[in-house]
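This report goes through the aromatic rings of one protein model and then turns to its backbone. The sequence and structure come first.

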Amino acid sequence: MTILEKLKKIDDYRWELPKDYKLGMLVHGIIYTTADMLELIAKDASIDQVANAAFLPGIVKASLAMPDIHQGYGPPIGAVVATDVNKNGVISPGAVGFDINCGIRLMKTNLTKDEVRDKVKGLVDQLFYTIPTGVGSKGSIKLGPEDERAILIEGAGWAVRKGYGEKEDLEYTEAGGALDGADPDKISRKAYERGRAQQGTVGSGNHFVEVQYVEQIFDEEAARVFGLSEGQVTVMIHSGSRGFGHQVCTDYLVTMGEAVKKYNISLPDRQLACAPINSPEGQDYLAAMRCAANYAWANRQCLMHWTREVFYKYFNRSPKELGMRLLYDVAHNIVKIEEHIVEGKKLLLAVHRKGATRAFPPNHPEVPEAYRKIGQPVIIPGDMGRASYILVGTQRAMDETFGSTCHGAGRVMSRTAAIKSAKGRAINRELEDRGIFVRAAGRETMKEEMPEAYKDVSKVVEVVHNAGIAKIVARLRPLGCIKG
């Protein structure tokens with residue numbers, strides 16, 4: 001029997017991986033996808049990784065996978081795992097990911113597509129010259145000893161305090177742009193060294209700053225509340241905690257490897273290394289992870305500031321005229337302590353969202369007051385040649401997925417395979433022929449990130465919409481993009 005034959009169809013958008021798929025699974029798995037996309041998913045080890053995540057002590061309800069699922073380190077990318085804080089639940093760096101709080105920030109403008117289309121090439125060039133991008137890139141912000149600790153505690157608030165943005169930006173950032181409980185003393189010297197010069201920079205690979213426009217509105221009420229209209233120009237920023245977060249993960253995977261032995265935790269894959277949340281090791285990682293998350297929020301805040309500055313100069317208009325306001329900033333690759341109802345009981349859970357993002361419903365207290373009646377904005381980017389989507393969170397997501405949904409399209413080709421497939425092609429020229437101007441720092445980035453390397457984001461978003469764990473509000477099309 002093949003792995004696909006072992007899955008049980010719940011409906012057109014949900015598939016169950018039975019608890020008896022592997023001896024030792026504590027819960028079953030649920031994969032949000034379609035029959036067509038299952039064929040792609042089965043080509044790597046991600047379904048097996050869904051099963052492996054079900055071994056984590058304290059896991060509740062199910063090992064969940066979003067439609068962007070693909071093979072990752074430990075659990076698949078696109079995984080949601082919640083463990084019970086008060087019943088020996090564990091915390092696992094592999095279930096968070098290396099690029100901690102690699103998130104998405106979306107800005108609105110008063111510009112229209114018609115005003116920008118003929119100027120977008122020059123605008124993209126100016127963004128590329130101004131914003132540092134790519135592997136090892138260094139920003140203009142130089143952190144001294146006091147600031148490099150303050151940024152880990154204050155997050156985006158540090159950036160605003162230093163003049164990189166406005167207080168209003170924090171109102172529209174998940175968690176206000178900073179998690180409480182961050183402890184700079186839990187960070188290694190090497191992590192500090194890697195993060196010292198990378199604040200205000202765009203990472204490599206799928207990270208970007210993209211100029212877009214609203215192509216279609218699907219939910220008029222939600223779009224009105226979010227301040228979106230057809231033809232409106234938006235700017236999307238995708239970056240995380242850079243080398244700083246990567247080093248935090250690397251450091252604590254070593255710590256967790258020892259903790260697994262110390263606490264006699266049995267796992268099918270050492271990449272799931274973990275520790276009880278309430279253990280010294282678990283608390284240390286949580287405090288360090290929060291530092292990395294705060295670093296990432298400050299990073300996106302600074303990137304937004306540089307982007308605003310470029311627009312102001314390039315269009316020779318005042319901030320008020322351009323109206324460049326933050327719609328929302330959402331995190332993925334993060335673990336947060338949240339209360340959820342499971343089987344009628346309110347539980348305190350460590351919700352790991354790896355390649356997944358929050359989708360909180362209407363009237364939730366963590367949704368900004370301006371959006372509270374309709375729910376939290378959900379931002380799902382596509383590849384540089386297709387589309388991105390704005391959605392809104394739902395109560396069904398809260399009931400089924402701990403208020404979570406997918407974070408992007410998800411790869412279908414490894415970077416090596418994409419480079420091989422694109423041999424002899426000029427991806428930037430192909431995109432330019434479609435009216436999309438792209439500048440990239442890395443020599444192979446355009447090939448690694450070509451549209452065919454990813455699932456069609458429209459099909460991925462269709463799954464979460466039809467499954468009811470987020471509802472489509474608007475589709476955005478790219479005009480130009482800078483990548484690492």
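## Aromatic pairs

How many aromatic pairs does the count come to? The model is a predicted one, and the count comes to eleven aromatic pairs. A pair of aromatic rings is described by the distance of the centres and the angle of the planes.

In the pair of Tyr 172 and Tyr 371, the ring centres are 5.4 Å apart. The planes of these two rings meet at 50°, so the pair is tilted; planes under 30 degrees apart would count as stacked, and over 60 as edge-to-face. Tyr 172 belongs to the loop between helix H8 (167–171) and helix H9 (189–195). Tyr 371 belongs to the loop between strand S13 (345–358) and strand S14 (377–380). The pair therefore ties together parts that are 199 residues apart in sequence. Tyr 172 and Tyr 371 are both buried.

## A stacked pair and a cluster

Phe 244 and Tyr 295 also form an aromatic pair, and this one is stacked. The distance is 4.9 Å centre to centre, with 10° between the planes. Where do the two residues lie? Phe 244 is in helix H11 (residues 242–262) and Tyr 295 is in helix H12 (residues 280–315), so the pair ties together parts that are 51 residues apart in sequence. Both Phe 244 and Tyr 295 are buried.

One aromatic cluster is formed by Trp 158, Tyr 164 and Trp 306.

## Charges over rings

Two rings have a charged residue over the face. Lys 61 lies over the face of Phe 402, at 4.7 Å from the ring centre. Arg 358 lies over the face of Phe 360, and here the value is 4.3 Å from the ring centre.

## Positive phi values

Most residues other than glycine have a negative phi. Asn 264 has a positive phi, near 55°, and is a residue other than glycine. Asn 264 is placed in the loop between H11 and strand S10 (275–276). Is Asn 264 buried or exposed? The relative accessibility of Asn 264 is 69%, so this residue counts as exposed.

Asn 333 is not a glycine either, yet its phi is positive at about 60°. Asn 333 lies in strand S12 (residues 332–342). With a relative accessible area of 12%, Asn 333 is buried, because the cut-off for buried is under 20%.

Definitions and conventions: Residues are numbered from 1 along each chain as its sequence is written. This is a predicted model: local features need pLDDT of at least 70, side-chain atom pairs count only at pLDDT 80 or more; totals for chains, interfaces and linings use all residues. Side-chain values use heavy atoms; hydrogens and water are left out. Rings of Phe, Tyr and Trp (its six-membered ring) pair if their centres lie within 6.5 Å; planes under 30 degrees apart count as stacked, over 60 as edge-to-face and the rest as tilted. Helices (H or I, at least four residues) and strands (E, at least two) are DSSP runs, numbered from the N terminus. Buried means under 20% relative accessible area, exposed over 50%, partly exposed in between (1.4 Å probe, protein chains only). A charge sits over a ring if NZ of Lys or CZ of Arg is within 6 Å of the ring centre and within 35 degrees of the ring normal.
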